[in-house]
Amino acid sequence: MQIYDYRHELIELLENTSSDQQSLKQTLQSLNTVINILNHYEEPKSSFRKPKQFFQPENQATRPAPRIRQASHSSLLTGPAHEVTASSLKRPVTPEPVTVEKVSQEERLAADDLYLVHRKLSGAEINHHYYNEALIHSLHFPLEDGDIVQLDPQQTVRGLPTIRRVTADHLDDYEPEKIEVIEYAELSSVPGSDVLQINATLKGNSILDENSANTIVIDPFKFPGRSLKAGMVVDYAYFDHGNGLEDAKNGSIRWIHEKQDFDTTKQPAKPKQVKKPVHPRHDYEKKLDYDLKQRIVLLITGDRERSQELKAVVDKHHGIYHALDASMEDKVSSSKMKREIREADFVVVCIDKIHHRISQLANHHAKRYEKPLAIANTTTNTAVERAIARALNGDPAYAQTSEDMANYQKK
């Protein structure tokens with residue numbers, strides 16, 4: 001084993017030591033450091049017991065110099081450029097930074113089976129699964145881009161988790177794309193061509209109805225399997241980037257309606273002739289005592305003729321009356337109802353003369369925007385007054401029993 005010759009290092013250290021206390025103290029610290037280093041690299045004693053003449057007394061001043069392995073050519077005492085001290089040998093250990101993974105808002109929602117809806121021109125993507133338009137259309141509530149829905153992984157439809165409901169949650173950093181839908185547009189043929197076109201709707205409220213020259217060409221070969229032909233009534237969706245008809249031309253067919261959904265050839269039954277009073281009375285006397293304090297009551301009903309009488313009910317209780325005519329189902333769009341409900345403080349739905357879809361839509365938007373909602377079974381002053389009271393007091397939306405209604409009407 002090669003022994004490192006450290007004598008010249010010690011001589012150099014002592015020669016550079018002056019007589020002042022600071023220098024002597026620093027040299028002493030360096031010598032202590034050297035001793036610690038030499039003790040660390042000293043070879044372990046062999047188990048062979050040497051003869052007595054090789055042993056030295058315990059109190060002898062001199063001791064054999066320990067042997068060390070030459071680890072490098074740099075100085076054990078001063079290093080390559082400076083004096084080695086205890087502080088220079090004990091280098092501070094920098095702890096590694098602890099990385100804390102940030103949980104995103106979407107991951108927190110997923111813990112409760114809540115997922116973002118990426119609405120497409122046809123269908124939607126939810127939790128990396130594609131739901132076709134037939135599944136979306138079968139829901140009892142509308143589904144828009146950016147909505148947060150709750151899935152039920154225990155119940156599946158066509159192999160996909162069931163969509164239970166739309167919540168009031170929204171992702172802070174998600175900008176939903178604006179999708180416009182041209183509803184109930186009738187396909188017509190283009191003379192001398194195999195393509196089809198849409199240039200008007202049954203509702204009369206789309207970009208096509210604004211000008212007779214507005215036309216969108218539909219190529220049936222781009223929609224294989226749908227067997228498109230003239231006379232079909234479809235919903236046509238497109239991304240609205242603010243370019244009007246140019247954006248609409250890049251859309252897609254979302255839904256094909258069944259004939260019974262739009263057939264107007266059947267003659268409606270003639271309504272019974274009801275004698276109207278010459279001077280209808282609107283001075284309704286209230287039977288319940290509550291104060292709306294100028295808050296807005298939205299009344300959704302299919303009976304236009306009772307509008308003024310119902311307004312008197314709201315006026316008597318110091319409220320502001322808003323009405324939404326739902327007598328024609330196709331005239332009530334989801335966006336229109338959503339706008340009316342957002343502006344109201346209370347929502348009352350008279351279910352006797354409206355389509356079931358209208359009441360479901362109203363219930364959905366009322367829950368979404370946390371608006372108190374009550375159901376009036378009939379479009380009468382008494383039923384509406386009681387429904388407003390339930391909405392005001394936070395009671396159940398429906399009247400408890402028919403007996404309660406009968407007892408109330410006797411008062």
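Predicted model: local features only at pLDDT ≥ 70, side-chain atom pairs only at ≥ 80, totals over all residues.
Local features need pLDDT of at least 70 and side-chain atom pairs count only at pLDDT 80 or more, whereas totals for chains, interfaces and linings use all residues. Residues are numbered from 1 along each chain as its sequence is written, and side-chain values use heavy atoms, with hydrogens and water left out. Helices (H or I, at least four residues) and strands (E, at least two) are DSSP runs, numbered from the N terminus.

Strand 1 spans residues 114-119. Five of its six residues are buried, so strand 1 is largely enclosed by the rest of the structure. Buried means under 20% relative accessible area, exposed over 50%, and partly exposed in between (1.4 Å probe, protein chains only). Strand 1 pairs with strand 2 (residues 124-126) in the antiparallel sense, over three bridges. Pairing requires at least two DSSP bridges between two strands. H118 lies opposite E125 of strand 2. The two strands form a hairpin, with four residues between them. In the turn, G123 has a positive phi of about 85 degrees. Strand 1 also pairs with strand 4 (residues 148-157), again antiparallel and through three bridges. Here L114 faces Q150 of strand 4.

Q150 is also among the contacts of I163 (heavy atoms within 4.5 Å). I163 belongs to strand 5 (residues 160-166). It is buried, at a relative accessible area of 9%. Neighbours within four places in sequence aside, its other contacts include I126, Y131, I136, L139, F141 and L143. The C-alpha atoms of I163 and L135 are 9.4 Å apart, with 28 residues separating the two along the chain.

A three-stranded open sheet has the order 6-10-11 and antiparallel pairing. Strand 6 (179-186) and strand 11 (252-256) are at the edges. Each has a single partner strand, so one side of each lacks a neighbour in the sheet. Neighbouring strands of this sheet are turned by 30 degrees against each other on average, direction ignored. These angles use axes fitted to C-alpha atoms, for helices over the stretch in contact, and run from 0 to 180 degrees between N-to-C directions. Strand 6 and strand 10 (residues 233-239) are joined by six bridges. I182 has Y236 of strand 10 as its bridge partner.

Helix 11 (residues 381-393) has 13 residues. Its first and last C-alpha atoms are 18 Å apart, close to the expected 18 Å. The expected span is 1.5 Å times one less than the number of residues. Of the 13 residues, 11 are buried. Among them are E385, R386 and R390. Just after helix 11, G394 adopts a positive phi of about 75 degrees.
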